[in-house]
Amino acid sequence: MTETAHDTWFSRLATRAQAGPSELSAVLAMASAGGDLVDFSGGFPDPALYDTQLLGETAAKVIGSRPEAALQYAPNYGLASLREVLRAEVSRTQAVTPGPDDLIVTSGGVDALTLICKAMLNAGEAVLVEAPSYLGAFSVFQSHDGVCVPMESDEHGLVPASIETAYDQAVAQGTPPKVVYVIPDFQNPSGLRLGLERRREIVEIARRLGLLVLEDVAYRDLAFDGSYVESLYELAPDVTVQAGTFSKTFTPGTRMGWAVGPATVIDAMAQAKTNTDQCAGALGQTLLEAYISEGHYAASLPVLREAYAARCAGLMDALDAGLGARASWTVPAGGFFTWLEVPGVDTKALAPLAIEEGVAFVPGAPFFADGRQTSQLRMSFSRTPVERMAEGITRLTRALDRVQG
Ligand SMILES: Cc1ncc(COP(=O)(O)O)c(C=O)c1O
């Protein structure tokens, strides 16, 4: 693109598009930079864990046997046969069976968040968010003219009482919230899993305040020991929409996800889908359906858990050995992330120095909706080979030496 073309068109872009590249696209650009970088930035699954032969055979099979479904538009709710399979999948780990109208197939997790915004959010309305939380969700809420109001977290995750404080604050600002967004399992970015007691408090408070709980379960299947804590949806299906994705446990390339919740909200999400991509891609839907119903998904989970547990242990060892008392960090029991606190260091300023030294992480600030300055940062261990981790931490230490002297 020439500079002149940029100048001519830039002022005509919608205001929301003039903000420049999002923090998220900066992360994705970093993660795809390649080279000798030791990359702890993006929350990417490790492609080495895909069974490409099986996926290829399954794709050929569904194209051969169900071309009218696999290669055609699908209903905006998703293919009926996949919805059946996903309802059963939800019940596999949760003591709740969604009704036939309670589930929609989405194009990954972000699409589910987008559809909730289109279904629930009027311009200027508040969404209560964890601090820190998934920056991609902030971007979705804000691009629908929502206002993110932060709650509080401690070393165990979201502090339930802070829902009420944030609610009152939003009401005082004239933006009464309808939605509280929570990632209870191996949270992005903290890596923490909420205990059952807090989960019970969260749904009790939400019910009392008339809030819809938007529960994001992107990492729920990835406890290293295969365990599950009762979900918010399981505890309160009347006030919860659970949004899930197969991007972390199947492939992000297929962009498959789902949402379950009260039929009225799910129906509004299905209507909203007619204004976005109309339906999740049918080829991915048929592939996922075959993969789950032939038992491959369930069989793959122990393999993924073991691989990510080993990566996590590798990073914990490297941090212990290399950083020691210079920082503290969460010790995740699942998922992709650990969250570090480096006292006295502005991690946004540290990030470019770290890249110069050959290591990437995501600074903490964008994980706070108010963009506060932080001495925290996120590291993803999901696709960094264990044998590269010590080198990555050595490089991080060199970058720290440059800011701390
Ligand atoms: C908590 C959380 N929700 C949703 C997503 C996005 O999922 P998808 O890539 O399927 O849109 C991510 C991806 O990083 C995530 O961490």
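**Ligand site, sheets and backbone**

1. The shell around the ligand is made up of five nonpolar, five polar and three charged residues. In this division Ala, Val, Leu, Ile, Met, Phe, Trp, Tyr, Cys and Pro count as nonpolar, Asp, Glu, Lys and Arg as charged, and the others, Gly among them, as polar. The model is a predicted one: local features need pLDDT of at least 70, side-chain atom pairs count only at pLDDT 80 or more, and totals for chains, interfaces and linings use all residues. Residues are numbered from 1 along each chain as its sequence is written, and side-chain values use heavy atoms, with hydrogens and water left out.

2. In total 13 residues surround the ligand, and the closest are Gly 109, Asp 216, Tyr 219, Thr 245 and Ser 247. A residue is counted as near if one of its heavy atoms lies within 4 Å of the molecule or strand in question. Helix 6 (residues 108-120) gives the most to this shell, with three residues. Helices (H or I, at least four residues) and strands (E, at least two) are DSSP runs, numbered from the N terminus.

3. Taken alone, the ligand exposes 390 Å², of which the protein buries 91%. Accessible areas come from the Shrake-Rupley method with a 1.4 Å probe; for residues, only the protein chains shown count as cover.

4. Asn 188 also takes part in a cis peptide bond, to Pro 189, with omega about 15°. Pro 189 is in the loop between strand 7 (179-182) and helix 9 (196-209). Phe 186 is found in the loop between strand 7 and helix 9; Phe 186 is not a glycine, yet has a positive phi of about 50°.

5. An open sheet of seven strands has the order 2-10-9-8-7-3-4, with mixed pairing; two strands pair if DSSP finds at least two bridges between them. Strand 2 (103-106) and strand 4 (147-150) are at the edges with a single partner strand each, so one side of each is left without a neighbour in the sheet. From one strand to the next the twist averages 20°.

6. Within that order, strand 3 (residues 126-129) and strand 4 pair in the parallel sense over four bridges, and Val 127 stands opposite Cys 148 in strand 4. A cis peptide bond runs from Ala 131 to Pro 132, with omega near 10°. Pro 132 lies in the loop between strand 3 and helix 7 (135-143).

7. An open sheet of four strands, paired antiparallel, has the order 11-12-15-14. Its edge strands, strand 11 (328-329) and strand 14 (362-363), each pair on one side only. Strand 14 is joined by two bridges to strand 15 (residues 376-380), and the two run antiparallel. Val 362 stands opposite Arg 378 in strand 15.

8. Helix 13 (residues 296-322) lies across strand 11, strand 12 (337-341) and strand 15, and runs at about 15° to strand 12. Axes are lines fitted to C-alpha atoms, for helices over the stretch in contact, and angles run from 0 to 180 degrees between N-to-C directions; contact means heavy atoms within 4.5 Å.
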